[in-house]
Amino acid sequence: MDDQKLTMLVTAFIVITALWEVLSGRTRDGRKNQQDWRMAFLATFMMVAVQRPLVLLLLTLGLSTLIPGSAGSLAWLEQAYFWPTLIVFFCVEEFIHGSFHLFAHRRRPNNRVLQWVQAFYKMNHRPHHMSGGLDNKGQLTVTQTFVNGWAWWLIMPNYTFQLLCLYLGLVEVFVIGTAFKGLWAAHTHVNWNYDLYFHNHRWAWVRKTMWALAHILVFPTQHHHHHARGPNSARNVTSTLAIYDWLVFGTLAIETSKPNVYGWRQKEPEANSVLKRYFCWDVRPYVPKAPASAATPSQPSA
Ligand SMILES: [Zn+2]
Ligand SMILES: [Zn+2]
């Protein structure tokens with residue numbers, strides 16, 4: 001399988017569906033603004049040109065020094081058991097992705113250190129949940145797929161896991177697994193909700209089949225609801241395997257209509273500046289204030 005062809009396939013899918021969104025009017029009337037376009041180019045470019053090569057370089061340098069000869073040492077595995085290796089790779093990667101994505105969304109932990117860690121995740125994930133401008137007319141479009149803050153791909157261990165497998169010699173598994181995941185994730189971000197046709201079909205067996213399938217895989221409306229404003233934003237945290245949302249995380253939300261409002265509420269500076277959205281540094285607004293008892297020095301007892 002040709003690595004470049006598969007990468008091209010994902011790129012072609014995003015370009016074609018982005019064009020379709022424009023031509024069919026799905027980017028008009030505030031659904032998508034200039035900042036969304038700029039952010040998509042910046043974040044996707046940085047992911048491909050900086051973060052991915054950087055993580056791979058660090059892994060290669062670190063592991064080949066610590067464990068000489070480890071590069072390519074698992075190549076035999078995909079040669080002997082290609083499909084089982086691909087399936088395990090996919091399920092493990094998606095599980096790590098779902099867990100850490102959920103961590104960025106879930107309620108604040110009690111532990112103070114974890115609160116800071118979570119704040120850093122939240123801050124970096126925030127751009128993924130910003131659509132359109134301050135008028136709340138923004139919607140989800142395909143170019144949002146890889147939009148996140150500058151550190152997101154460095155702190156998501158699923159990304160390191162993917163590249164670790166590549167380093168260990170699971171080249172085909174890496175290429176096919178990540179291409180499929182990228183393609184599926186992109187398709188759930190497109191401004192379409194074809195699954196609603198089946199969810200609301202007049203024949204019960206069609207509705208039931210769609211309902212069942214939505215427990216296994218993530219369809220566009222499920223991910224659109226992850227981008228909704230409100231409680232559903234903390235649900236549907238997986239990108240492909242909804243079965244984890246259903247059975248492991250307890251976060252599955254299947255709706256039969258589109259969200260009313262997309263995206264988290266934006267502050268004025270970030271709404272107007274892509275650089276402020278992407279290069280977010282100030283983690284403090286995302287950390288809860290220390291409880292009064294911990295903030296004040298110990299008081300002399302009466
Ligand atoms: Zn999210
Ligand atoms: Zn998304």
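This is a predicted model: local features need pLDDT of at least 70, side-chain atom pairs count only at pLDDT 80 or more; totals for chains, interfaces and linings use all residues.
Residues are numbered from 1 along each chain as its sequence is written, and chains are lettered from A and ligands numbered from 1 in the order in which they are written.

Helices here are DSSP runs (H or I, at least four residues; for strands, E and at least two), numbered from the N terminus. Helix 4 covers residues 82-105, and at 1.5 Å a residue its 24 residues should span 34 Å, which agrees with the 34 Å between its end C-alpha atoms; the expected span is 1.5 Å times one less than the number of residues. Within helix 4, the residues F89, E93, E94, H97, G98, H101 and A104 are buried, where buried means that 20 or more other C-beta atoms lie within 10 Å of the residue's own, exposed means 12 or fewer, and partly exposed is in between, with C-beta atoms placed from the backbone. These buried residues of helix 4 pack against helix 5, helix 7, helix 8 and helix 12, contact being counted when two C-beta atoms, placed from the backbone, lie within 7 Å.

Two of these partners can be followed in detail. Two packed helices are described by the angle between their axes and the distance between the axes; the axes are lines fitted to C-alpha atoms, for helices over the stretch in contact, and angles run from 0 to 180 degrees between N-to-C directions. Helix 4 packs with helix 7 at an angle of about 155 degrees, the axes being 8 Å apart, and the two helices are therefore roughly antiparallel to each other. For such labels, angles under 35 degrees count as roughly parallel, over 145 as roughly antiparallel, 65 to 115 as roughly perpendicular and the rest as oblique. Helix 4 contributes F89, V92, E93, I96, H97 and F100 to this contact, and helix 7 contributes P157, N158, F161, Q162 and C165. By class, the contact of helix 4 with helix 7 has seven nonpolar, three polar and one charged residues, with Ala, Val, Leu, Ile, Met, Phe, Trp, Tyr, Cys and Pro counted as nonpolar, Asp, Glu, Lys and Arg as charged, and the others, Gly among them, as polar.

Helix 4 also meets helix 8 (residues 171-189), and here the axes come within 10 Å and cross at roughly 50 degrees, which makes helix 4 oblique to helix 8. The crossing of helix 4 and helix 8 is right-handed; a crossing has this hand if the near helix is turned clockwise from the far one by less than a right angle, and is left-handed if anticlockwise. On the helix 4 side the contact is made by F82, T85, L86, F89, F90 and E93, and on the helix 8 side by E172, V173, I176 and G177.

Helix 8 in turn packs with helix 7 (residues 157-167), their axes coming within 7 Å and crossing at roughly 150 degrees, in a left-handed crossing. In this contact Q162, C165 and L166 of helix 7 meet V171, V173, F174 and T178 of helix 8, and these residues divide into five nonpolar, two polar and no charged. The buried residues of helix 8 include V173, F174, G177 and T178, and what covers its buried residues includes helix 1, helix 3, helix 4, helix 7 and helix 11.

Some single residues complete the picture. Most residues other than glycine have a negative phi. N136, in the loop between helix 5 and helix 6, has a positive phi of about 60 degrees although it is not a glycine, and N136 is partly exposed, with 15 other C-beta atoms within 10 Å. N236, in the loop between helix 11 and helix 12, has a positive phi of about 50 degrees, but N236 is buried, with 30 other C-beta atoms within 10 Å. Finally, K5 lies in helix 1 and counts as exposed, with 11 C-beta neighbours inside 10 Å, while the C-alpha atoms of K5 and A179, 174 residues apart along the chain, are separated by 9.9 Å.
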